[in-house]
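Subject: A structure to look through

Dear colleague,

Please find the structure below, and keep it open while you read the notes that follow.

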There are 2 protein chains.
Amino acid sequence: MGLKANEVGEIGIIRRIAQILGSKYLGDDCAVLDNGVDYLVVTTDMLHRTTDFPREMSGEDIGWMSVAVSLSDVAAMGARPTGVVAAMGIPGETEMSFIEGIARGMRDCARAYGTEVVGGDTDQHAELTIVTTALGRVDKDKVKLRSGAKVGDLLCVTGYLGTPAAAYKVLIEGREAPEEDKKVLIDGFFRPKPRIEEGVRLSKYPEVTAMMDVSDGLGKSIFELSSSSHVGFLVDADRLPVREEAKKLAKDRGELLDMAICFGGEFELLFTMSPTGLDKVKDVEYTVIGRVVPEGLTLDDSGARRPITCRGYEHLRKKRDTMH
Amino acid sequence: MGLKANEVGEIGIIRRIAQILGSKYLGDDCAVLDNGVDYLVVTTDMLHRTTDFPREMSGEDIGWMSVAVSLSDVAAMGARPTGVVAAMGIPGETEMSFIEGIARGMRDCARAYGTEVVGGDTDQHAELTIVTTALGRVDKDKVKLRSGAKVGDLLCVTGYLGTPAAAYKVLIEGREAPEEDKKVLIDGFFRPKPRIEEGVRLSKYPEVTAMMDVSDGLGKSIFELSSSSHVGFLVDADRLPVREEAKKLAKDRGELLDMAICFGGEFELLFTMSPTGLDKVKDVEYTVIGRVVPEGLTLDDSGARRPITCRGYEHLRKKRDTMH
């Protein structure tokens with residue numbers, strides 16, 4: 001008998017599929033198709049009840065997140081979304097009110113970012129399964145890929161890191177926190193905000209050399225950037241932007257850094273930028289968290305340097321065990 | 001407690017979702033997006049191991065069918081495919097050689113119709129689940145919708161009807177047939193051929209007034225055309241094109257008509273055409289099977305008329321019971 005999927009793991013499976021399907025299959029947050037005057041970008045994401053939606057999520061939360069995860073990939077290319085389609089596998093015993101909630105959440109998220117759910121498919125399935133596919137368009141000279149990072153560039157991120165990790169500790173581990181803090185953290189986890197406007201603005205600057213989203217965690221994201229751009233990263237622990245509510249929740253500095261680097265689930269944009277961009281990029285809020293170096297993925301924690309080893313969770317090996 | 005999904009049924013669920021998501025959600029085989037110089041069409045289809053892939057299918061067959069089902073929707077719009085993305089939920093105990101077979105089948109089907117699988121997502125799932133999304137482009141003045149059928153038009157179909165139904169009887173019911181016949185029928189079922197070239201050719205003719213594919217069966221398809229175009233259909237039973245191998249397999253005329261009208265699973269194009277098209281459309285093989293009438297879905301069986309009641313299987317209510 002040959003190898004099985006769970007012995008190979010998600011990354012191994014994707015590599016093997018990419019070998020068969022060709023080079024376009026791998027690489028960026030979206031596939032890029034020539035559309036004549038501009039590029040069409042397209043991304044597809046599969047989410048499941050047991051692995052992606054904590055049971056505390058409402059139908060509306062699930063619908064919102066399902067669309068947000070794909071829109072975030074469109075944002076990562078510097079593109080503006082032009083449409084979303086959604087396939088839903090629904091268990092027969094699901095309440096109709098819950099399904100309607102999912103549809104409302106999808107609609108609200110799409111509209112909040114200037115687009116629409118234009119089509120879909122439904123089918124019976126033992127486990128709630130949602131696959132969203134988002135389309136976007138971007139000028140050919142503005143598209144941002146993962147492959148453009150250059151040694152000497154700054155590493156930057158929008159918004160905050162570690163919010164879903166903190167929310168997870170509240171929800172799943174029962175970690176204590178003030179009610180207001182819990183609300184902020186859980187809302188950040190359940191209602192992620194894809195950075196469409198930020199992505200479109202950043203796309204205008206040639207100083208922005210590479211971009212992706214951090215939905216699989218900062219650690220895995222810089223690993224992907226380093227693979228695509230053939231560079232390394234030096235991340236400054238002191239600069240990682242973490243919400244006060246999440247900072248207060250962390251037991252110690254080790255856990256705080258783990259939350260910010262290894263968990264994922266937030267849809268911020270991670271990008272590299274020539275230092276000359278510092279004086280130019282004024283219309284997007286971001287934090288410089290490190291810089292591009294020739295090799296290695298290294299965390300500088302107040303002078304102590306150590307390798308960044310977390311690569312985000314791999315669904316097929318571990319993800320099933322992490323959520324419930 | 002409110003209504004549950006299996007009490008409402010697939011059509012009811014889709015209607016409710018469409019009410020929430022807006023009018024674009026329903027209607028044609030693909031959603032149609034303005035792409036400047038032309039239209040972009042997009043379709044998404046969810047398939048599952050237990051309901052859509054008989055266990056006799058190889059990985060290659062499954063991959064081929066998964067891409068073919070979406071390309072058929074692109075063909076139905078008169079569009080040429082420009083890319084496919086595929087999300088796969090894979091059980092952990094799946095053999096890697098089987099997964100590789102799926103990828104090869106996807107690649108081969110996409111290439112056979114001039115396109116590529118350009119991206120995807122993989123995830124762990126209890127049941128093999130594949131969601132393909134296909135994109136295509138079509139000139140604005142050539143797109144074919146379901147809504148253009150006019151009283152007096154001819155009803156036409158490419159290729160044959162009833163092949164998957166006959167293959168199903170061989171595979172699942174153990175119906176006896178010569179080995180050569182079995183091979184033809186099963187190949188027709190497992191390796192459907194989306195009618196891309198035929199769709200593109202038909203799109204050039206203004207005489208072709210409405211088009212869709214018959215993947216859910218002829219009965220359901222004319223129901224959909226009648227709803228969109230506000231017309232009825234009179235179908236001539238003697239004209240239904242059925243392969244000799246399938247005809248020989250049918251126990252009696254009733255079963256033969258049921259196979260041709262009610263089963264589905266084949267990816268032929270169903271279209272309506274002004275009678276003036278008969279002398280013009282010479283570059284596509286098709287059969288005239290009836291005509292557009294003011295109302296009603298009626299089968300004329302050698303002069304005996306009866307209503308066509310089958311609407312194809314509804315996944316959430318019945319499909320699970322029909323395949324295994």
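In this predicted model, 69 residues of chain A are in contact with 69 residues of chain B, where contact means heavy atoms within 4.5 Å. Between them the two chains bury about 6,200 Å², of which 60% is on carbon and sulfur atoms; buried area is the accessible area, taken with a 1.4 Å probe, that two parts lose on being put together, summed over both. Of the interface residues of chain A, 100% are also interface residues in chain B, so the copies meet through the same surface. Four salt bridges are found across the interface of chain A and chain B, a salt bridge being a side-chain nitrogen of Lys or Arg within 4 Å of a carboxyl oxygen of Asp or Glu. The side chains of A:Lys4 and B:Glu95 meet in a salt bridge, at 3.3 Å from N to O.

Before going further, please note that residues are numbered from 1 along each chain as its sequence is written, and that chains are lettered from A and ligands numbered from 1 in the order in which they are written. Because this is a predicted model, local features need pLDDT of at least 70 and side-chain atom pairs count only at pLDDT 80 or more, while totals for chains, interfaces and linings use all residues, and side-chain values use heavy atoms, with hydrogens and water left out.

How are the two chains related? Chain A is superposed on chain B by a rotation of 180 degrees with 0.0 Å of shift along its axis, at an RMSD of 0.0 Å, and the two copies are thus related as by a two-fold rotation axis. The superposition is by least squares on the C-alpha atoms of residues with pLDDT of at least 70 in both copies.

Turning to the folds, helices (H or I, at least four residues) and strands (E, at least two) are DSSP runs, numbered from the N terminus, and two strands pair if DSSP finds at least two bridges between them. In chain B, five strands form an open sheet with mixed pairing, in the order β1-β2-β5-β3-β4. Its edge strands are β1 (31–34) and β4 (117–124) of chain B, each of which pairs on one side only. Strand β3 (residues 80–90) of chain B runs parallel to β4(B) and is joined to it by seven bridges, and B:Ile90 has B:Gln124 as its bridge partner in β4(B). Helix α1 (residues 5–21) of chain A packs on this sheet, where it touches β3 and β4 of chain B, and its direction makes about 170 degrees with that of β4(B); such angles run from 0 to 180 degrees between N-to-C directions, with axes fitted to C-alpha atoms, for helices over the stretch in contact.

Chain B also has an open sheet of seven strands with mixed pairing, in the order β7-β9-β6-β10-β8-β11-β12. At its edges stand β7 (208–213) and β12 (304–307) of chain B, each with a single partner strand, so one side of each is left without a neighbour in the sheet. Five bridges join β7(B) to β9 (residues 269–273) of chain B, and these strands run antiparallel, with B:Met211 opposite B:Phe271.

Under "binding site", the same record's unreviewed entry lists A:Asp29, A:Asp73 and A:Asp213. They span 185 residues in sequence, yet no two of their C-alpha atoms are more than 7.5 Å apart, so they gather at one spot.

Key: UniProt positions are given in the numbering used here, feature names are shortened, and annotations may be inferred rather than shown by experiment.
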